[in-house]
Amino acid sequence: MTTEPTYHIETLAVHAGVAPDPVSGAVMTPIYQTSTYAQADVGVHKGYEYSRTDNPTRTALQTALAALEGGQHALAFASGMATIDTILRLVRPGEHVLSGNDVYGGTFRLFDKVLAAYGLEFSFVDTADSTAVQAAMRPHTKLVWLETPTNPMLRLTDIAAVAQIAHAAGAWLGVDNTFASPVLQRPLTLGADFVVHSTTKYIGGHSDVVGGAVVLNDTAVYERLKFLQNAIGAVPGPMDCFLTLRGIKTLALRMAQHCRNAIKVAQFLADHPQVAEVIYPGLESHPQYELAQRQMAGPGGMISFILQGGEAAARTVARHTKLFTLAESLGGVESLIELPAPMTHASVADSPLAVDPGLVRISVGIESAADLITDLQQALGKL
Ligand SMILES: *Cc1c(COP(=O)(O)O)cnc(C)c1O
């Protein structure tokens, strides 16, 4: 079936990119576990020559991802970081990248500890503040990079407002949409030029594969990125593409349940006497609640909170949950708990991105909300 843009996202998640296999009629795209492809004559082939360049399982995944984000083109990579690194090859030495100041720790590390040494100029700003973004633009700014909601502070950026600022200055806007997923937010429709995912998280959804992708509309930029994808070679294997495609089938269902559960869990935490602060875009106490309502189809499954007892209390709670597994990552069907400062954000400890050592981040899974709340209740009871 074709990926008609008129289909709703629940339908696209099931059908986009996946057509019955022409050889066998297999309903699900096979895992084309091959490195090379037979040619009928020199240079005569069926569109596939070598699997770094193209692989049918990857093609199906890329088509599905483009449809989900409402974009013309998608490219899949071996990880979210490989995706971002490949996109940054579009920026040349001497050009400037304006990045959000609350981006994924690995993104900050790539910018500050790797790419800055090659002559790319980076600065960091709170992209939630459009005036600050405007003031931080430089004459040679090539790319504005942001996440919304951010990790782990769950601050939001008005994507349409920042897209206008970037475009007025002749720069691209890249949005890392990992935390929202295309079910909750489609940045290309709000003016972004690149949408990036760590498909490791909600898109894959089952904590069984690492991957990344970019979706975009501009065909000339896509051709350049496709060249870079092949030249650099940070591509996903066919098994990983298959697992990600399989995850996508239930993306809309899962996101709905993540949101339903997270709203209940956030409310429970907000009412708990040991909890000092809950950060969740679905609570009216969130400073950008109105923007969340306007820009997102749901507030997502990520919650951050601070306990009255600070870091020691945070460690106690993280140690005592049973359903919430103490682990890095997010976006899978199972609930996870972590302390960003010593875990996911250890790489930004001595930087402006450092987070409160007492902050707890949870990825609310698709289990029963009642069971999740009971689990948090007993862990909080250890305080
Ligand atoms: C995990 C993550 C990444 C990095 O993706 P990997 O697949 O781990 O390389 C980038 N951005 C965000 C927001 C993430 O959560």
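**Exercise 1. Locate Pro 152 and describe the loop around it.**

Step 1. Pro 152 lies in the loop between S4 and H6, where helices (H or I, at least four residues) and strands (E, at least two) are DSSP runs numbered from the N terminus. The model is predicted: local features need pLDDT of at least 70, side-chain atom pairs count only at pLDDT 80 or more, and totals for chains, interfaces and linings use all residues. Residues are numbered from 1 along each chain as its sequence is written, and side-chain values use heavy atoms, with hydrogens and water left out.

Step 2. The peptide bond from Asn 151 to Pro 152 is cis, with omega near 5°.

Step 3. Pro 149 is also in the loop between strand S4 (141-147) and helix H6 (159-168). The bond leading from Thr 148 to Pro 149 is cis, its omega being near -5°.

Step 4. Leu 154, in the loop between S4 and H6, is not a glycine, yet has a positive phi of about 55°.

**Exercise 2. Describe the surroundings of the ligand.**

Step 1. The ligand is surrounded by 14 residues (a heavy atom within 4 Å). The closest are Gly 80, Asp 176, Ser 198, Thr 200 and Lys 201.

Step 2. The shell divides into 5 nonpolar, 6 polar and 3 charged residues; Ala, Val, Leu, Ile, Met, Phe, Trp, Tyr, Cys and Pro count as nonpolar, Asp, Glu, Lys and Arg as charged, and the others, Gly among them, as polar.

Step 3. List the N or O atom pairs within 3.5 Å. A polar side-chain atom of Asp 176 is 2.6 Å from a ligand nitrogen atom. Polar backbone atoms supply two further entries: one of Met 81 lies 2.9 Å from a ligand oxygen atom, and one of Gly 211 lies 3.5 Å from a ligand oxygen atom.

Step 4. Taken alone, the ligand exposes 380 Å², of which the protein buries 92% (Shrake-Rupley method, 1.4 Å probe).

**Exercise 3. Compare the radius of gyration of the chain with the globule rule.**

Step 1. The rule is 2.2 Å times the number of residues to the power 0.38, with the radius taken over C-alpha atoms.

Step 2. For 383 residues a compact globule would have a radius of gyration near 21 Å; the protein chain has 21 Å, so the two agree.

Step 3. The C-alpha trace spans about 75 × 50 × 35 Å along its principal axes, and the chain has 13 helices and 12 strands.

Methods:
Polar contact = N/O pair within 3.5 Å; in protein donor to acceptor, adjacent residues only side chain to side chain.
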